[in-house]
Amino acid sequence: MGGSAATAVLSALRDGSGSERYGLDLLRHTGLTSGRLYPALVRLERTGLIQSRWHDNGRRRYRLTPAGAAAAATGRREAVRTAVWWLTAATIAAIESYAALSRPAGARLSDLGIYLGAVHGLRDGASLYAETGANHAAFTYPPFAGLVLWPLSLAATLPLQVAWTLLTVGAVVALSTLAAPATRLPRAVPAVGIAAALLLSAPVSSALHFGQISIILAALVVVDTIGMRNSRYQGVLVGCAAALKLTPLIFVPVLWLAGRRRAALVAASTFAACGALGWALLPADSWQFWSAHVWHPSRLGPITSVGNQSLNGALMRLGMAEPNRSIAALAVAGAVAAIALRRAGRLGRDGDWLSATTLAGAASVVISPVSWTHHQAWLVMAALLPVRGSAGAQRAWSAAVLATMILPVTALGPPIWSNARMLTAVVVACLVPVRRAQPPRPVFHTDC
């Protein structure tokens with residue numbers, strides 16, 4: 001119907017039980033400005049959804065046509081359906097958040113606890129990478145991340161945990177809201193549907209339970225690649241996300257290959273500037289991280305568990321020993337990355353930034369030495385990929401992806417199921433046939 005203004009007008013005329021209404025009445029009823037109301041009235045009359053006539057007092061009155069009444073009824077049903085879905089998504093978010101925040105204090109948002117332990121130690125003069133917490137876990141991100149997270153040391157623990165949980169839910173909503181208009185599925189998926197799928201998925205559930213930053217970083221990347229694609233500042237958020245955690249570096253070559261070379265240079269420069277700031281303010285920790293810790297993923301925990309769905313983790317579970325494992329991981333993951341970047345660059349040039357970002361994100365799951373469950377939100381987004389083929393093939397693809405990312409499939413056993421999400425990432429990055437966007441046809445105006 002052409003947007004929220006048109007919907008509001010149709011609803012207002014429908015509430016008038018078929019009576020005619022003046023423009024001033026519609027202004028009061030809808031709350032729209034005249035700059036939005038009257039263009040909407042013109043569009044609706046041109047499409048035959050409303051009619052207008054001049055009254056004896058020289059004022060114009062508007063009323064619905066039968067087609068307009070049907071459209072208004074449909075719009076109201078859609079509004080009710082959307083409200084129900086948002087209520088459902090909010091209920092899921094509330095249940096997930098309560099489950100995370102009601103855990104015993106020692107196990108509540110444990111990764112956030114690691115962040116806090118690191119920045120508390122930094123404030124007290126210790127190394128950012130000293131082991132902290134009951135499980136003797138250590139901070140694993142670049143020094144710049146420690147600087148960004150340092151203000152968390154000033155907050156009380158429980159209010160901070162609540163705020164962090166709300167921030168994660170907000171990141172899910174932001175990611176969904178940006179992704180929804182960018183989908184190219186035959187029937188556009190509403191933002192609430194994407195939000196509900198994400199909230200039900202293992203990656204978001206894991207991020208909420210552990211107090212992880214991964215979903216927030218994914219939202220930053222999507223804001224950059226989709227929300228800022230026409231901005232001169234595109235690339236800044238990708239660079240910042242990569243400076244906080246190295247995995248988003250894969251989106252820098254995506255920008256370059258998609259023809260956004262200025263954005264790629266901005267992202268790389270931002271990453272370098274953030275790293276330089278870390279060196280300037282935390283030189284000892286920077287040397288420790290870049291010369292040693294970054295090369296030892298074993299610091300990240302039990303990386304042979306099924307929670308690690310990287311190619312490296314899969315080869316470990318298959319019992320492949322060094323140096324063969326490193327050689328195989330580098331060769332195969334390098335090939336996956338090269339294929340994914342080429343495909344993502346092409347999709348970006350076509351204007352399909354949601355698919356481009358999703359393919360690159362899936363490749364990051366494969367090539368990273370460690371890809372925990374909360375790193376895998378990109379695979380949930382893969383359900384939105386516009387695959388070639390029939391509508392049935394599209395539905396089957398989306399259902400298979402969501403089942404893999406919502407159900408505990410990795411617990412079903414080796415060798416296939418325990419690596420199911422890694423295999424899904426390979427398929428998304430390299431194999432799934434994505435429909436290319438059609439270039440817009442030129443529009444010729446014959447009216448003056």
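## Packing of helices 16 and 17

The axes of helix 16 (residues 324-349) and helix 17 (residues 353-367) approach to within 8 Å and cross at roughly 170 degrees. Axes here are lines fitted to C-alpha atoms, for helices over the stretch in contact, with angles running from 0 to 180 degrees between N-to-C directions. The two helices are therefore roughly antiparallel to each other, a label given to angles over 145 degrees. Helix 16 contributes Ala 333, Val 336, Ala 337, Ala 340, Arg 343, Ala 344, Leu 347 and Gly 348 to the contact, and helix 17 contributes Trp 353, Ser 355, Ala 356, Leu 359, Ala 363, Val 366 and Ile 367; contact means heavy atoms within 4.5 Å.

## Model and overall dimensions

This is a predicted model, in which local features need pLDDT of at least 70 and side-chain atom pairs count only at pLDDT 80 or more, while totals for chains, interfaces and linings use all residues. Residues are numbered from 1 along each chain as its sequence is written, and side-chain values use heavy atoms, with hydrogens and water left out.

The protein has 20 helices and 3 strands, taken as DSSP runs numbered from the N terminus (helices: H or I, at least four residues; strands: E, at least two). Its C-alpha trace spans about 85 × 50 × 45 Å along the principal axes. The accessible surface comes to about 21,300 Å², and 65% of this belongs to carbon and sulfur atoms; areas come from the Shrake-Rupley method with a 1.4 Å probe, and for residues only the protein chains shown count as cover.

Of the 448 residues, 47% count as buried. Buried means under 20% relative accessible area, exposed over 50%, and partly exposed in between (1.4 Å probe, protein chains only).

In helix 11 (residues 236-244), the buried residues are Val 238, Gly 239, Ala 241, Ala 242, Ala 243 and Leu 244. These pack against helix 6 (143-149), helix 10 (214-227), helix 12 (251-257) and helix 13 (261-281). Among contacts in the protein between residues at least 6 apart in sequence, 67% join residues at least 24 apart.

## Partly exposed positions

Ser 102 lies in the loop between helix 4 (66-101) and helix 5 (110-123) and is partly exposed, at 40% relative accessibility. Ser 102 and Thr 177 are separated by 75 residues in sequence and by 28 Å in space, C-alpha to C-alpha.

Leu 423, in helix 20 (residues 420-431), is partly exposed with a relative accessible area of 35%.

Note on methods. Parallel < 35°, antiparallel > 145°, perpendicular 65-115°, else oblique.
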